[in-house]
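Please read it alongside the sequence and the coordinates.

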Amino acid sequence: INHIVHNGGLYKRPFNEAFEETPMLVAVLTYVGYGVLTLFGYLRDFMRQWKIEKCQNATEREEQKDFVPLYQDFENFYNRNLYMRIRDSWNRPICSVPGAKVDMMERVSHDYNWTFTYTGRVIKDIINMGSYNYLGFAQKAGTCQKAAAKVLSHYGAGVCSTRQEMGNLDKHEELEKLVARFLGVESAMAYGMGFATNSMNIPALVGKGCLILSDELNHASLVLGARLSGATIRIFKHNNMQSLEKLLKDAIVHGQPRTRRPWKKILILVEGIYSMEGSIVRLPEVIALKKKYKSYLYLDEAHSIGALGPSGRGVVEYFGLSPEDVDVMMGTFTKSFGAAGGYIGGKKELIDYLRTYSHSAVYATSLSPPVVEQIITSMKCIMGEDGTTVGKARVQQLAENTRYFRRRLKEMGFIIYGNEDSPVVPLMLYMPAKIGAFGREMLKRNIGVVVVGFPATPIIESRARFCLSAAHTKEMLDTALKEINEVGDLLQLKYSRHRLVPLLDRPFDETTYEETED
Amino acid sequence: MNVGVAHSEVNPNTRVMSSRGMWLTYALGVGMLHIVLLSIPFFSVPVAWTLTNVIHNLGMYVFLHAVKGTPFETPDQGKARLLTHWEQLDYGVQFTSSRKFFTISPIILYFLASFYTKYDPTHFILNTTSLLTVLIPKLPQLHGVRIFGINKY
């Protein structure tokens with residue numbers, strides 16, 4: 001299913017994105033599952049209150065019972081009655097670098113996950129499908145590691161100072177020039193934390209009197225940055241261009257809420273790949289809309305830099321567009337480069353402004369030199385400037401792995417969300433019990449996966465999320481697929497009826513309600 | 001903000017009642033309750049209908065109008081902590097489709113119960129009072145109102 005016809009030639013390649021609708025029977029059974037869990041939760045709370053069952057949670061002391069309670073215990077209901085039961089699928093302690101394979105410490109619980117004890121055994125060589133290791137740079141030996149070790153002995157662990165005071169090293173300038181060259185923009189600036197890059201720089205770019213149009217499923221860092229800025233925030237439906245256009249039109253026609261003055265700036269916040277859905281932003285249409293309505297675009301390429309595009313330059317290269325169309329290109333070094341931190345790239349005036357006015361530049365410590373060296377080495381590897389074709393091979397391997405894995409899972413009959421080319425693969429589980437069961441069964445078969453449920457996702461859309469890596473060989477993927485097939489048969493997860501509902505053809509209704517802040 | 005969460009929805013409780021399949025599940029749940037009550041040999045048909053109506057309204061009152069707050073922590077700094085689920089629906093916007101559905105369904109159940117009890121006076125009083133306990137809190141004028149301070153904190 002491609003939408004080239006719909007969009008008059010904006011897309012140079014087919015855009016295959018689909019989110020199969022939840023089968024009605026599955027939705028009903030999911031609600032029944034949550035209902036049963038809620039009723040049992042009330043029963044257990046009742047037994048705990050009347051001392052029939054021992055209360056394992058922290059409670060107030062007897063002397064404090066007359067004071068106003070600090071926390072409402074109903075807010076902890078979900079945590080103690082649902083999350084605690086399947087808690088062993090999260091926060092698993094590992095004891096090796098999280099590459100394509102990882103070693104995990106085995107732990108058992110004798111009181112239904114309230115406490116864990118380590119058996120002392122280390123489960124070796126678990127296939128790691130949960131780490132954001134898209135190009136496989138999470139290694140403990142190799143050229144990146146050697147270079148970083150040399151820089152560590154030369155520069156030390158870091159200057160504990162901000163960029164504007166004493167923390168600016170020549171390594172940082174080298175990194176920023178390299179990042180600007182990699183992205184194809186005029187200038188770039190690097191920050192110590194990816195989250196802080198978003199949350200501290202959006203307030204520097206927009207303020208009161210500006211409008212932010214943000215996607216429904218934007219990451220918490222973008223949401224925090226938007227809220228901290230003081231601008232008006234309006235949310236458009238996920239990847240839905242009609243919704244975005246309607247909001248843009250309304251904003252320009254009606255202006256600011258009460259005064260009807262024109263907006264100072266309109267900033268569209270989108271992400272390259274949305275990590276929970278596996279969908280890729282419709283960048284050609286967003287850029288066309290941005291140009292038509294003269295607004296600005298902030299693109300967060302946290303997951304797509306290094307992972308998309310024929311040479312790993314991100315979602316802009318994937319669609320064959322020019323980086324000059326995107327006003328602010330933001331990304332992180334955490335996922336594809338095996339390091340930490342974030343960057344913002346754009347025109348020189350913009351980056352010079354951010355060097356002065358960004359909160360991170362003034363108050364936050366700069367990147368640590370070994371980390372900078374890791375980024376520099378891995379980026380040079382991807383660009384091919386280190387003299388080998390390792391980088392290009394990795395990017396191609398990731399693309400092949402993605403296509404192969406998604407095709408095989410779809411053929412098996414699972415419901416997979418997202419775009420055909422995104423290395424993030426959400427597999428729908430739906431029912432609350434299957435979340436815990438899937439996580440545990442996969443661990444028994446030596447595969448580590450990430451499972452997510454309500455309230456992190458909508459109530460009927462709990463999922464398991466696979467993150468593919470260039471470090472996964474075809475044998476590893478085949479093993480993983482075989483085990484997923486077995487677990488899918490065991491847990492009856494093969495819901496797909498191969499009736500795909502592409503996002504554009506979903507009926508666009510305006511009935512969503514937002515929390516209005518007066 | 002919603003750390004570790006994949007959307008910018010401040011309070012997911014507001015969307016639960018309008019998500020896919022919820023209305024069908026609710027209708028099936030009421031039907032199941034009624035079938036269970038009809039299967040008990042001691043209850044005649046009018047008693048079973050009145051019991052369905054009363055138990056359904058009791059459940060609806062407890063879960064929609066008595067329990068306050070959310071069973072998980074929300075990043076809205078406690079705005080919804082003192083609100084019942086009915087008041088949280090759709091962030092307080094009145095006359096949305098899920099509100100209309102949940103207002104109409106006890107009324108339909110009341111009609112059916114009145115019909116099957118042949119308008120007997122005792123059953124009528126029981127059914128009407130239980131319908132009123134579930135309809136009055138749904139009025140938009142009673143949004144956020146706590147009579148005599150009951151259930152305020």
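Is A:Asn128 buried or exposed? A:Asn128 is buried, its relative accessible area being 8%, where buried means under 20% relative accessible area, exposed means over 50%, and partly exposed lies in between (1.4 Å probe, protein chains only). The model is predicted, so that local features need pLDDT of at least 70 and side-chain atom pairs count only at pLDDT 80 or more, whereas totals for chains, interfaces and linings use all residues. Residues are numbered from 1 along each chain as its sequence is written, chains are lettered from A and ligands numbered from 1 in the order in which they are written, and side-chain values use heavy atoms, with hydrogens and water left out.

A:Asn128 is found in strand E3 (residues 117-128) of chain A; helices (H or I, at least four residues) and strands (E, at least two) are DSSP runs, numbered from the N terminus. Leaving aside neighbours within four places in sequence, A:Asn128 is in contact (heavy atoms within 4.5 Å) with A:Pro98, A:Gly99, A:Ala100, A:Lys101, A:Val102, A:Gly448 and A:His472.

A:Gly225, which lies in helix H6 (residues 220-229) of chain A, is buried with a relative accessible area of 0%. When residues up to four places away in sequence are not counted, A:Gly225 touches A:Asn198, A:Ser199, A:Ile202 and A:Pro203. Between A:Gly225 and A:Pro432 there are 207 residues of sequence separation and a C-alpha to C-alpha distance of 32 Å.

**The annotated region and helix H12**

In an unreviewed entry, UniProt lists residues 124-484 of chain A for "domain: Aminotransferase class I/classII large"; the positions are given in the numbering used here, the feature names are shortened, and annotations may be inferred rather than shown by experiment. Over residues 124-484 the chain is 43% helix and 17% strand, and the end C-alpha atoms are 19 Å apart.

Helix H12 (residues 369-383) of chain A has 15 residues that, at 1.5 Å a residue, should span 21 Å, which agrees with the 21 Å between its end C-alpha atoms; the expected span is 1.5 Å times one less than the number of residues. Because 13 of the 15 residues of H12(A) are buried, this helix is largely enclosed by the rest of the structure. Just after H12(A), A:Gly384 takes a positive phi of about 90 degrees.

**A three-stranded sheet**

An open sheet is formed by three strands of chain A in the order E14-E17-E16, with antiparallel pairing; two strands pair if DSSP finds at least two bridges between them. E14 and E16 of chain A are the edge strands, each pairing on one side only. Neighbouring strands of this sheet are turned by 30 degrees against each other on average, direction ignored; axes are lines fitted to C-alpha atoms, for helices over the stretch in contact, and angles run from 0 to 180 degrees between N-to-C directions. Helix H13 (residues 390-412) of chain A packs on the sheet, touching E14 and E17 of chain A, and its direction makes about 15 degrees with that of E14(A). Helix H14 (residues 432-444) of chain A also packs on the sheet, touching E16 and E17 of chain A, with about 175 degrees between its direction and that of E16(A).

Strand E14 (residues 424-428) of chain A pairs with E17(A) over five bridges, and A:Met428 stands opposite A:Arg463. Strand E16 (residues 450-452) of chain A is joined to E17(A) by three bridges, with A:Val451 opposite A:Ala464. Five of the five residues of strand E17 (residues 463-467) of chain A are buried, so E17(A) is largely enclosed by the rest of the structure. In a regular strand the side chains alternate between the two faces of the sheet. In E17(A), A:Arg463, A:Arg465 and A:Cys467 on one side and A:Ala464 and A:Phe466 on the other are all buried.

**Salt bridges**

A search of the whole structure finds 36 salt bridges over all chains, a salt bridge being a side-chain nitrogen of Lys or Arg within 4 Å of a carboxyl oxygen of Asp or Glu. The table gives three of them.

| Salt bridge | N to O distance |
|---|---|
| A:Arg44 and A:Glu53 | 2.9 Å |
| A:Lys246 and A:Asp250 | 3.1 Å |
| A:Glu441 and A:Lys444 | 3.1 Å |

A:Arg44 is partly exposed at 28% relative accessible area, and A:Arg44, A:Asp45, A:Arg48, A:Glu53 and A:Arg80 are linked in a network of salt bridges. A:Lys246 and A:Asp250 are separated by about one helical turn because they are four residues apart in helix H7 (residues 241-254) of chain A. A:Glu441 counts as buried at 14% relative accessibility, whereas A:Lys444 counts as exposed at 63%.
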